[in-house]
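Colleague: Could you walk me through how to read a strand and a helix here? I'd like the general idea each time, and then the case itself.

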Amino acid sequence: MSLSPDFVLSDPAFHSSAELAALAGYWKQLHRLSTTRFATLEDAFQDHLRTGCRLFGFQKGAVLRFDGSAKTVAASYKESNQPRTSDPSEPPVEVPIPANGSSFGVLGFCSPVNPSRTLSSAENEVLKLMARSLGQVIEQRNLTERLTFQARHDSLTGLPNRSYFVELLEAALEEARQRSGILAVMFIDLDRFKHINDTLGHAMGDRLLEEVSARLQRMLSKHDLAGRMGGDEFTVVLTRQPDEQAAIQACQEFLNALRMPLHIDGNELFVTASIGVAMFPRHGENAGDLLHNADSAMYHAKNSGKNELDIFVAGNLVSGLERLRLENALRRALENREFDLVYQPVADVDGQIVGLEALLTWKHPVYGTISPKQFIPIAEETGLIVPIGSWVVREACLDGSRWRKAGCRSVRLSVNVSALQFVRRDFVETVAAALAYSGFPPQCLELELTESYVMRDLPESLPRMRRIRDLGVSISIDDFGTGYSSLSYLNKLPVDSLKIDQSFLRSLQEPEGSLPVVHSIVRLAHGMNLTVVAEGVETAAELDLVRVLGCDKVQGHVFGPSLQRAQVEQMLLRGDAILPLVA
């Protein structure tokens, strides 16, 4: 607070010499109050009350806050060596405390030592300035608390951020050591959050994170902790657990809660989680080790199929390091030309070749051949699937064009498209550029789109699909039946064929298996003039079943393994029409 030494002395002629001396003393006290750095707000309240009572002859004072109940936020001050007034009903002197553009409350005094004495106008001004001084202390404290909160908490969810969470975890660990207790640290990663963020937008993604945060906080007990590490990663600490089995059961309840749908702005969203758990003291003695080991267990859960709870074991740490090395290698694989394509034949039910599906392979110079099940999820999580997917489309078109120029008979080439590729605004232009560069006929190219991300946002998907069809390129819905299973929406989609997911084939021959479902899909698709492809057919018995059910095309290991590029060219040059069944 900036005070002028003559704030009440603008016209000294109106004051007696005694008043002038008293006002000079008031000034010194106000200057002291305005320059003191109080350790707590309570200290500031008490000092201002004590000073007011001493200067103006009051026995009691209090700070009353306007919070709906006029709750006293500082204990009343009373000079013990001064007598009480004989009139306890003496009206108090109250001065508003201005803070943050409004009135925080009042600075009040009562029980004057000399009831007959009244405060002069100058003394009333001093009281107002004292209230201003206290208001500025309150403003500074509020600002400090607000900045401290912002530095320690996530701005979106309000949860403790990484650094503050570690502080809280260390304090919880110290408390657990003192009582020789069990403590569980959960590292939570949302499955498919990036996909939702990319398809529905960042605003919806933020709302989802807020809802997940609220759901986690509702499940916490009094002494538990939750934090946001960043992105779609959260941490939870379950304190005061009776034993590890009880802690694991509590962690499972968190996993079950995150499996429940979220309702946001009229959308029903399903976002599961992969959760890793590390126990104190068995899996670590400090916050760093426990978080690292819980993170490693989380990656193990994610790599095991997601939507799982995994308890840390020493082997998980090795898996986490391997994943990190794999991710680093993946970032260089494209420029180092380590990717290649193989082709799985697509045949009619009699074994005649009608198409080829391009499949991506990766052969690392040190790690050898790496399975797509290992690197595709990492590529999707990191966004590397976009440039890799563009390379696959272009490379497949180049292969098809080269085979045509070599005199091979024409077959349709199919290429899988990831959700991240499909939602990009330049995706159609990328496909058109690959066709133009390679000279491959668009009518010989088929793009396979997954049902779930097509159906999730039809207003966005339909125009993009129509533009693809306008290029002359065919569209197939891949893994049909595993997403929305929205048979009624099929007539709205500009598609040419459906690929029935292989999970249906595995249960065709079971007593209550999927045979009626597959039969219904085939009938409905044929009613809409769509071709039906059964993928993942591995045995002659399965081939017979899909033939009876009316599927039009088949692909799978029943006709042998995928073919290298040179093998495809030799087969097409020979004019092979019938694929032999693998015994």
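Modeller: Gladly. Buried means under 20% relative accessible area, exposed over 50%, and partly exposed in between, with a 1.4 Å probe and protein chains only. Helices (H or I, at least four residues) and strands (E, at least two) are DSSP runs, numbered from the N terminus. This is a predicted model: local features need pLDDT of at least 70, side-chain atom pairs count only at pLDDT 80 or more, and totals for chains, interfaces and linings use all residues. Residues are numbered from 1 along each chain as its sequence is written, and side-chain values use heavy atoms, leaving out hydrogens and water.

Colleague: Why is strand E12 largely enclosed by the rest of the structure?

Modeller: Because nine of the ten residues of E12 (residues 339–348) are buried.

Colleague: Which strands pair with E12?

Modeller: Two strands pair if DSSP finds at least two bridges between them. E12 runs antiparallel to E13 (residues 353–364), joined by nine bridges, with Phe-339 opposite Trp-362. Four residues separate the two strands in a hairpin, and Gly-351 in the turn has a positive phi of about 95°. E12 also pairs with E20 (residues 553–555), antiparallel over two bridges; there, Ala-347 has Val-554 as its bridge partner.

Colleague: And which residues of helix H7 are buried?

Modeller: They are Ala-247, Ala-250, Cys-251, Phe-254, Leu-255, Ala-257 and Leu-258. Taking directions from the helix axis to the C-beta atoms, these buried residues fall within an arc of 160°, so they line one face of H7.
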